[in-house]
Amino acid sequence: MIPAEQTEEGQFAASDFDVVAWTEQTIINHHGDLTALARYLGPLSALSKEVATTIRQSMQQLMITVPDIDSHFKTIQNNCQLLQNDTKRILSELNANRSDTESNAQMKSRTKDLTCLTQLHEALKRMKTCKRLLSEAKKWEEHVDFVTIALQGIKSVQIQNPDPFFSIADRLHAMKQSAKILEQVAGASERQTILTTFRDQFQLQLQPALTLLLQDPSISTQMETIRIFKKLFESIEQTSILWQTLSDKRSAAIHKLWSSEVAVSNHSFKPQIWIEWIVHSFLPRVLAMLTQEQANLIDMFDTAKEGHAVLVLLLEKTLQPLHQLFQNRLERISVDHLDWLFGQMCDFTVSVLQLFRPDPLASSNVTNTDEEFNSKMPLQRVIECVFTPFKPIYQDFAMYLKKAAVQELSLSMLEWKNTNTIEGLVEAMKESSLENIWNPLEELVKQTHSLSGGLLFADYVDGACQSIREVSSSLVDTLMVIRERDCTFRMAAQDQCCRYGGADVVDEMISYQKDSSFDWPKFHAALELLTLCGDIGYSLQIIQRRISIRIQQQLISLEEKRQLSTPTTSSQVVLFAAAYLRQDRFHTALQKRLEAVEAFADGQDAFHAVALTAQRLTFDSIIYPIRHILRPVALHPTWSLPSASTSDFPSMSALPQEYMTSIADILLSLLPQLEPFAQSCELQQIVLASRDIVDISRNTWHTIQKQWSFTDEEMDHFHRAFRMLNHANAHMESVTEFVDLWAATIAHTTLAGVLEMIHAIPAITATGARQLSVDLGYLRNVLGALGADDTMYIIDLESILNVLPSTPQKGFPPILIKISEHLMSKWKVV
C-alpha cells in the first residue's frame, strides 16, 4: 500500500509525483473501490487547476512568440480527432461479429483501394524519373552537338584565350555526369564510347600545344600556362599526361648530356674519369633540375602527395632510361671505384629526399605534417630509381668480391707462377711482402661495410673464402708444376711406375752410387719454402681473426640501425639501398649473421692445401732419393748366393752393403741440416706448415699394408707403437721437438721403403738372409742415433731373418708374424 504520508497535498505538488501511477496503484490497493478515492478529490482538483493554469500561461506565451504554432496545434488536434474517430470505428468493427460478410467485403474493398493508391504512387514516381531521364537525354544530345562543333572548329589551342577549351572541358564534365545518370538506360555503352572519343580528341588538341609550350625558354610563362593545362587535363582525368610530357621534356636535356659524354668515353673508357664526371657533373645537374622543378610546381598541388608523385616521376623519367647503360659501366670498374661511386649516389639520394621534406613543399595550399611525411614520401621509388643499376652486382655479391679479391691477391703472386724450380719460387716469395699479402681481404671488408652497411657480410665471408681457395689452388698448381719439372721428383715418379722391375738393375745401382750425391741445397730450399708457406698461413690466421672481430662488432650495431624508418644521412641510405638490392640479407636474423662469420675459418682450411703440398714437397725431397737407392736392391744377386763367392759381386761379410751405407749417410746428415734451420726460423710458422707431417709419413705405409695384407686395426696399432708418430705426442713446442719429429717421420718412412724392398726380393738363401739381417742391423743403429722408435721392430725382424726357415718364436708383434709367414711362403731359404 502507498504510505499515508505520500497522500498529503504537499506530495501531490512534488515535481517527481506521477499522478497516473499513484491512481492505478491506489485502485489496486482498494480492490477497485473508487469511493476510497473520494477524500483525495479535493487536493487532486486543486492540483489539476494549478497545472491547467500553468499550461494555459505557457500556451499563451508560445502563441505570443510564435503565432503559427496555434494553427499547427489546431491542425494536429483535428488530425488527432479524425485519427481517434477512425480508431474507434475500427475497434467497434473489430469488436462486432468478425464473421460478418459485409464487414469483410468492406475491409477487402479498402485494402484494394490502398493497393491501387500505392500503385498510382509508384507510377507517379516512375513518371517523374522518366521525365528526369528524358531531360538528361536532351541535355546529353545538346552536349554532344556542342562538343562536336567546338572540336571541329578549333584546329589548335589558343593559349592566350583558353575560354573555348574550358567550355569544352565543362561540357565533357557535364557529359560524364549525364552518362552516369543514364547508365541504366539503353545505349549506355555507346554513350561511354562517345565520351571517350571526345576526351581523346580533346587530348589530341592539347598535347601539341603543351609540347610547344615546354619549348618556351621563359620559365615564368611556362608555369602560368601549365596551370591552365593542369585544369584542362583534370577535366578529362588525364593529368598524368601533363606530368609525363613535362617529365619527358625536362629529362631530355639530361639524356643529351649523357649521350655526349658516352660518345667521348666509349673510345677510351677510363673508370676514374667517368666516375668523376658522374659525381661532379651528372648528379649535380639532375639535382639542380629536380630542385628547380620542385620550386616551380610547389603551388600547383593541394596535397604533398601530389607534389611527391610529380617529383618522383621526373626522377624516374630522368634515370630509368639510363639504367642499362649505367649498369654496363659499373661492370667495368673496380671495387674501389664502385665503393666511391656508391657513396656519392647515397649522398645524392639524401639531397633528393630533402626535396620531399615537409618544409620545401609547405604552402598555403599544401597540408603536410611530420607524421604524414613518413607514410607519404615515396622513399622506395626513389631508392629503386637511383640504385637499380647496382642490382646485378648485389645479387651475386659474393662472386663479385671473389673476383676482386683474386685479382688483388694474384698481383702479389704473379711472379710466383713463372718459376720452374723450388729455389726460384723461394726467391720470388722472399721478394714479396708476405705479412701484407692478405691485406686486400681487410680492405674488402671495409668496402663491404660501406657498400651495404654490414648487410652483406655473409656474402663477403663467402667471397673471401672462395678467393682464398682459388688463390691456394693456383699456388698448389705452381708447386705441382715445379715438382713435375724437377729432375729429382720426375725420376722418383718414374721409379713409382716401374718399381722393382726392369733389366740391368745391378749396373744401375752401382752407377747411381758412384755418380750421385744427395742434393742438400734443394732440401734447404724446400725447408725455406715450407717456412714461407707457414708465414703466409700465419698471416692469414691473424687477418681472419682481426676481420672476424670487426664484423661481429659491426653486426651488433647493425641491429639498431635497421630500426630507422626514414633515412636522413648517407650511412642510413646505404642500409635502405642494400635492403632493396638484397631483401634476403635484410631479413636475416643476427644469430645467422654471426654464424655466417664463423664460416670464415673455411679460408684457413682452403690454404691448408698449399701447406700440405709444401710439406710433401719437402718430405719427398729426402724420401725420393732414398727410394731411388732402394729400387734396384731387390734384384741384387747377393740374395741368391748359397755361400761366399769369388765373383765380382760383393762378398758376404759382416759389413752392410753400399746401398745401406748410402741411405745411412743421408739419415745421419739430416739432424745437422734441420737444427740450424729450425733455430733460424720462427717456430710458430714452421710448426703451422708442418702439422701434417705425421699423416704424410703414415700414408707412405699404404703400399706396405696392401703388400703384406695388414688390416686397418693392425696398421693403427703399429703406428701407435711409435711414440713420436702418435698424434697425441706429436708436439712441436720447441726447436728440439720439431727436429725430432721430422727425423722420426723420415726414419719411419725409410723403414717402409726397406720393407717394400724386402717384399720385392723374389728369393733368398740363408746366406742372403744373414746379409739382409746385417744391413738391417746397420739401419737399426742409424735410426737409433736419430732417436727413432723403429729400432725395436728392426731387432725383431733381424731375429726372424736369422732363424729362417725355422718358425719364429712367439711374442713377436702381429705384423712381424705376418711378415715372417709371408717370407717363409715366398722364399725358399737353403
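**Helices, rings and salt bridges**

Student: In which helix is the place of L612?
Tutor: Glad to start there, with a caution that this is a predicted model, where local features need pLDDT of at least 70, side-chain atom pairs count only at pLDDT 80 or more, and totals for chains, interfaces and linings use all residues. With helices (H or I, at least four residues) and strands (E, at least two) taken as DSSP runs numbered from the N terminus, L612 belongs to helix α28 (residues 601-630).

Student: Is L612 buried or exposed?
Tutor: Buried means under 20% relative accessible area, exposed over 50% and partly exposed in between, using a 1.4 Å probe on protein chains only. L612 has 19% relative accessibility, so it counts as buried.

Student: Which residues does L612 touch, not counting those up to four places away in sequence?
Tutor: Contact here means heavy atoms within 4.5 Å. With residues up to four places away set aside, L612 touches D692 and I696.

Student: How far apart in space are L612 and L530, C-alpha to C-alpha?
Tutor: In sequence, 82 residues separate L612 and L530. In space, their C-alpha atoms are apart by 9.3 Å.

Student: What distance does the polar contact between the side chains of R250 and E293 have?
Tutor: R250 is found in helix α9 (residues 239-265) and is buried, at 12% relative accessible area. A polar contact is a pair of N or O atoms within 3.5 Å; within protein, one must be able to donate a hydrogen and the other to accept it, and residues adjacent in sequence count only if both atoms are side-chain atoms. For the side chains of R250 and E293, the contact is 2.5 Å.

Student: Are the rings of F738 and W742 stacked, edge-to-face or tilted?
Tutor: Rings of Phe, Tyr and Trp (its six-membered ring) pair if their centres lie within 6.5 Å, and planes under 30 degrees apart count as stacked, over 60 as edge-to-face and the rest as tilted. The count comes to 16 aromatic pairs by this rule. For F738 and W742 the centres are 6.3 Å apart and the planes lie at 55°, so the pair is tilted.

Student: How many residues apart are F738 and W742 in helix α35?
Tutor: Both are buried, F738 at 0% relative accessibility and W742 at 1%. In helix α35 (residues 735-760) about one helical turn separates them, the spacing being 4 residues.

Student: How far apart are the closest N and O atoms of E470 and K402?
Tutor: A salt bridge needs a side-chain nitrogen of Lys or Arg within 4 Å of a carboxyl oxygen of Asp or Glu, and the count comes to 11. One of them joins E470 and K402, whose closest N and O atoms are apart by 2.9 Å.

Student: How many residues apart in sequence are the parts that D459 and R582 tie together?
Tutor: D459 and R582 form a salt bridge with the closest N and O atoms 3.0 Å apart. D459 lies in helix α21 and R582 in the loop between α25 (570-581) and α26 (583-586), so the parts tied together are apart in sequence by 123 residues.

Student: How many disulfides does the structure hold?
Tutor: A disulfide is a pair of cysteine sulfur atoms within 2.5 Å. C346 is buried at 0% relative accessible area, and C533 is buried at 3%. The number of disulfides in the structure is 0.

Key: Residues are numbered from 1 along each chain as its sequence is written. Side-chain values use heavy atoms; hydrogens and water are left out.
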